Each structure stands twice: as C-alpha cells, then as structure tokens.
Amino acid sequence: MTQYALTVNAVTLRFGGLVAVNGLSMEIPMGSIVGLIGPNGAGKTSAFNVITGFYQPSEGCVEFTHRNGHTETITGLPPHRVCAAGLARTFQNIRLFANETALENVMVGSYVRQKGRWWMNLVPYVFRAAEAEQAEILKNSMTLLERLGLAEYAHAPASSLPYGAQRRLEIARALATKPEFLLLDEPAAGMNPQESARLLAFIRQLRDDFDLTILLIEHDMKVVMGVCEHIWVLDQGTLIAQGNPDQIKSDPRVIEAYLGKEAAHA
C-alpha cells in the first residue's frame, strides 16, 4: 500500500476575484521525486506558498505524514511551524543572507530546532547545555557544507559564491532544518546546460542520502523529465494533467497549455 507524505485536498487560493489555485488535489508518495509544472502564471509558486504556510488557502487543507506514520494537518500553520513539522523549501529567487558567511547561512537553518535561547549563549558558563548545542549546530552545519561540496566557501560571504554554489547553499540551509520533505522552487533557474545535467544526479543524491520526499517546480523540461517519477501540470490555477514523464510529454492538454492549440492538434 502506497504511503503518501503529502496530501493536498481540494485547495483553492483566491486573491479578490483572482483564483490563483483552483481546487488542487495531489497525493505525493513518500520517498518520491515529483514535479509541479505549467506555463508562467499557472499557480505553481502559489501552491508552494500554500503548502509551506506563506499563504492560507481560501478552501481545502494540506496534510503531512511523517516517516513514523503520524499525520498532521499543516493548513493554517505559519511558515516556521511548517518548517518545524518537517517541510523545508528553497525559493525561485535565491534568498540568502548575503553579508553572512556560507557557514552562518547554514547555521540559521538549525535554529528552528534549537532548544536553547539565543541569550543563553551570552553567558555560556551558566548555560552549559546551550553552549554544547551551539557547538553541535556549528559542527553539523560544517558537515552539510562538506557533503554538498561547499566547504571551501565556509567562511566566505554568501554573496561572493558562484551562482551554482549559492543554489546549493540555499539547499544546505534547508537541509539544516532536518526536513523529511523538501520543496525546490526552480532549482535549475540560471544554470547552463552542463550545470542542469549535474543537477539531476544531485537531486537524486539528496533524496537518497537524506531520506527525503522531493517536490520541485521547474521550467527546464530536461530536468523535469529526467528526474521526476510523477508530474502534476497546472494551467491557470487548475490541474489539467498528471502522470509519468512519458504520459505528460504526449498529453495534448499539456502541449496546448505550453504551445497553443495548433501544436496540440499537430
């Protein structure tokens, strides 16, 4: 029996008279890599924002099932609570702390699970447990940089890293939250063909090494078709198709959404 990590139940998101997401339902199998695609303005990022708590849906709900089988409704939770529940995300436009080091950027991700309070670190000789926890966060963050090939940039400002390295750094920060479910918003954006090709293996490695379920938005069809096991297609906020890559490539509704009616008929 398939166990689903994320279940989106008839989610609708309205902004006044605009319907950004229209009755979206998805079931994402645990341990899978799936894609959410569609032309510009299809509602993909709006759906991401509902799942991760940045937007509250007008209707519907989102349920998250942990590896241990426990299911909780995350609809209505603020982003930091969704993150603490086990879902982490990256953004289409890289959102790093530009003037902080790569190491400090990753450490920020760990604080969502920190037990001590920041002020305890001001008097470490009193709060020994907080001091030990901070040392563990530093160690784990450095380990993540090493695993993602970023150790050489540990003490460099995030803004000084090459573009591809900044993308990996944002993922490292997300991994520092210890997620079970990772949402990637256009991870190949701005990459050249060689970097995009390497991204395929990188995403699979993330899934396997960190025991993740991954949902990604992506416009690079080579990346989507090369790494996703199942694909969901939105157009104008509405789900128009779902299936494996071969099914999606040949679906006339998908072709029409991207290329127009003439292309679909051809």
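Mentor: Start with E59, which counts as partly exposed at 37% relative accessibility. Keep in mind that this is a predicted model.

Trainee: Which residue forms a salt bridge with E59?
Mentor: Side chains of opposite charge can pair when their charged atoms come close. Here the closest N and O atoms are 2.9 Å apart, and the cut-off is 4 Å. The pair links strand β4, which holds E59, to a residue of strand β1 that is 45 residues away. The partner of E59 is R14.

Trainee: Is R14 buried, partly exposed or exposed?
Mentor: Buried means under 20% relative accessible area and exposed means over 50%. R14 has a relative accessible area of 39%, so R14 is partly exposed.

Trainee: Over how many bridges do β4 and β5 pair?
Mentor: Strand β4 covers residues 59-65 and pairs with β5 in the antiparallel sense. The number of bridges between β4 and β5 is 3.

Trainee: How many residues apart in sequence are the parts tied together by R67 and D211?
Mentor: The side chains of R67 and D211 meet in a salt bridge, 3.1 Å from N to O. R67 lies in the loop between β4 and β5, and D211 in the loop between α6 and β8 (213-217), so the parts they tie together are separated in sequence by 144 residues.

Trainee: Is R207 buried or exposed?
Mentor: R207 lies in helix α6, and its side chain meets that of E229 in a salt bridge of 3.0 Å, N to O. R207, D208 and E229 are linked in a network of salt bridges. E229 counts as partly exposed at 40% relative accessibility. The value for R207 is 16%, so R207 counts as buried.

Trainee: What is the relative accessible area of I203?
Mentor: I203 lies in helix α6, residues 193-210. Beyond its neighbours within four places in sequence, I203 is in contact with I33, L184, P187, I214, L216 and V227. I203 is buried, and its relative accessible area is 0%.

Methods
Residues numbered from 1 in each chain as written. Predicted model: local features only at pLDDT ≥ 70, side-chain atom pairs only at ≥ 80, totals over all residues. Heavy atoms only, no water. Pairing = 2+ DSSP bridges. Helix = DSSP H or I, 4+ residues; strand = E, 2+ residues; numbered from the N terminus. Buried < 20%, exposed > 50% of the residue type's maximum accessible area, 1.4 Å probe, protein only. Contact = heavy atoms within 4.5 Å.
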